[in-house]
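Good morning, everyone, and thank you for making the time.

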Amino acid sequence: MATKKRKVDSECRAFNDEWTWKYFFTVVKDKPVCLICNEAVAVFKEYNISRHFTSKHKNSNYEAMSEYERKQNVESLCKKLSGRQNFLKKVNTIQEAATHASYIVAYNIAKNNKALSDGEFVKQCMLQVCDVLCPDKKNNFQTVSLSQKTVTSRIEAIDKNLTSQLESKIGQFKFCSIAMDESTDINDTAQLVLFIRGVDENFEITEELACMRSLKGTTKGCDIFREFQEGLLTLKVPITNICNITTDGAPNMTGKKFGFLGIFNQNYPGNNVVFLHCVIHQDALCKSALNMKPVLDAVLKLVNTIQSRRLTHRQFRHFLQSVQSEYSDVLYYTKVRWLTAGCVFERVWQLKDDIVSFFHEKQCSAECEMLEDTEWLSDFAFFTDLLCHMNNLNVKMQGKNQFIDDIWAHLKAFKLKLNLFAGQLAKNDLSHFSRLNSIPSVNEEKLKNYEDGLKKLHFEFERRFRDFSATQTELDIFTMPFNVNCEAVMSDLQLELIELQSNNHLKHSFLNMPKLEFYKSLSKVSFPNLISHAQKISAMFASSYICEQVFSTMNLRKNYFRSRLTDEHLASFLSSSLLNQYISLRTSI
């Protein structure tokens, strides 16, 4: 018959204090440990402890000691053991702090787009500062590892941690949208950037870099769609949760047959995804309706005359200093940068008198003769004023975490301004064209041309923003639910809107709190469809500005001097550098 195994834990054995001086034992982490040889005994049992002492230390001096001598020796051995434990604990604490510090330095290197090798330079500075402020702590700073290899691994670890955090958030999204764009790096590798913006049931919005995918070959619509699918599959983003995709409007993105849009609709028929063309990009393209090429060419010729000749450039800058000008130089024009045309025009306008004086001094009056021509100057003044208005609109639409209804409101306001400007010019009212108003006399034919130009620009805005006009009703429901016509909205929202508009308490709340807070406060039982609609609209991207921002950072990170940076490391660095707030790095260690 098998005997029942006795459980030691059930015997409630406890350590007896007199075993400490009798057998030189103490308790460490719930185990009896010998103070002489640091060996542990399995159970709290006097027989086991005494057998260890007699078998291991029988011939030692401890057995012949008196009780008093044993107690004194035990006290000394306990202090030594405690010292060793504290030392090991201190060493572990210092090592953890040093690792944490190396993560912080690596994160700041990535965030500020510095070279990987800068970690060693930072450590050198830390040690030299330590020599001055706290020389006794130098060994602690010495343990911080900041070699190029270590900094790279730290940034990779931070990126993996951020990706895992994003994955967990994606699982809670009710709706999400994608902003995507493609650009070429210094090595001619096409980099496809995908940003995700999602909102959960509590209206918490997350806007992060989802992934960066490298296109080694062609950049056709099928190639972009393949990388798009793989990127979302990695993050486990459900296609059914995507409510909007915003692109830069390139043919390989928006082609209805072979572009990304067409292939997406073929693979996911019946989807409810709203495809939008970046509003900022379309705003820049609307300038094509203006016939400002003659003025632009003349301005650029003047700027290049000053900037391209080094002696002339030096003399011009010195001249501006001598006349104590507010500005130190003229600006270059870059076609792909949205604001440069307006900025160049405005700067030349501010310096026009100084430019004329400078060229007269050099006896080169032919270079600036257009600045003394009243007819040309009136055209220049009109386009400068108009481009300033357009630049103000552009700046309002830039930035992260902007709601699509706010951006659409800026666009609608600008279209109304264009109508206002055209009407005022017809009445010879130049209230909103201060530079044009400063020209002594502008003939009526010129004003008529400017009025026609504004009407053409308005028509171009109407034509290019049809995709946004199609979502007008949905945006109005989110922006001003108490003012929309209930009969003109979707049937699943009609009854809830009637209930909402009939409640004066909710109307007062809407007027006195932010939109998201208002929708968050609504009853999920009474207004489930209205809440879902608000979540969908708040998740939508209106522009791919955030992608353009990534490409600017990419060009700083991967440049002529760091062209060997791998695509994987580039993606890790960009993910770390685009964080909105400082993160706790202990979760990555």
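This is a predicted model: local features need pLDDT of at least 70, side-chain atom pairs count only at pLDDT 80 or more; totals for chains, interfaces and linings use all residues.

Residues are numbered from 1 along each chain as its sequence is written, and side-chain values use heavy atoms, with hydrogens and water left out.

Let me begin with the whole protein. The secondary structure comes to 26 helices and seven strands, where helices (H or I, at least four residues) and strands (E, at least two) are DSSP runs numbered from the N terminus. Of the 589 residues, 47% count as buried, and here buried means under 20% relative accessible area, exposed means over 50%, and partly exposed is in between, with a 1.4 Å probe and protein chains only. Among contacts (heavy atoms within 4.5 Å) between residues at least 6 apart in sequence, 69% join residues at least 24 apart.

Now to the empty spaces. Rolling a probe the size of a water molecule over the atoms shows where empty space is left. On a 1 Å grid over the protein atoms alone, a cavity is a set of points where a 1.4 Å probe fits but cannot get out, whereas a pocket is an open set with protein on both sides within 12 Å along at least five of seven lines, and lining residues have an atom within 4 Å of a point. Grid points are joined across faces, edges and corners, and a volume is the space filled by probe spheres set on the points.

A search of the whole structure finds one cavity of 30 Å³ or more, and the largest cavity has a volume of about 90 Å³. Its lining includes R197, E207, K400, F541 and Y545, and the lining residues divide into five nonpolar, four polar and three charged. For that count, Ala, Val, Leu, Ile, Met, Phe, Trp, Tyr, Cys and Pro are nonpolar, Asp, Glu, Lys and Arg are charged, and the others, Gly among them, are polar.

The largest pocket has a volume of about 1,100 Å³. It is lined by 32 residues, of which T334, K335, V336, R337 and W338 lie nearest its centre. Among the elements that give two or more residues to this lining are strand 3 (173-184) and helix 13 (340-350), while helix 25 gives the largest share, six residues. The lining of the largest pocket is made up of 13 nonpolar, eleven polar and eight charged residues, and it draws at least three residues from each of domain 2 and domain 3.

Let us turn to single residues. N244 sits in strand 6 (residues 242-247), and its relative accessibility of 0% is why it counts as buried. A polar atom of the N244 side chain lies 2.9 Å from the backbone oxygen of V274. Leaving aside neighbours within four places in sequence, N244 is in contact with residues including C176, V273 and F541, and F541 is also one of the residues that line the largest cavity.

S214 is in strand 5 (residues 205-215). Its side chain makes a polar contact of 2.9 Å with that of Q191 and a polar contact of 3.2 Å with that of D567; a polar contact is a pair of N or O atoms within 3.5 Å, where, within protein, one must be able to donate a hydrogen and the other to accept it, and residues adjacent in sequence count only if both atoms are side-chain atoms.

W376, in helix 15 (residues 374-397), counts as buried because its relative accessibility is 15%. The C-alpha atoms of W376 and V295 are separated by 7.6 Å, although the two are 81 residues apart along the chain.

Finally, a point about the backbone. Most residues other than glycine have a negative phi. K236, which is not a glycine, has a positive phi of about 60 degrees, and K236 lies in the loop between helix 7 (221-235) and strand 6. With a relative accessible area of 64%, K236 is exposed. Q363, also not a glycine, has a positive phi of about 60 degrees, and its place is in the loop between helix 14 (352-361) and helix 15.

Terms used: Domain bounds come from an automatic or database domain assignment.
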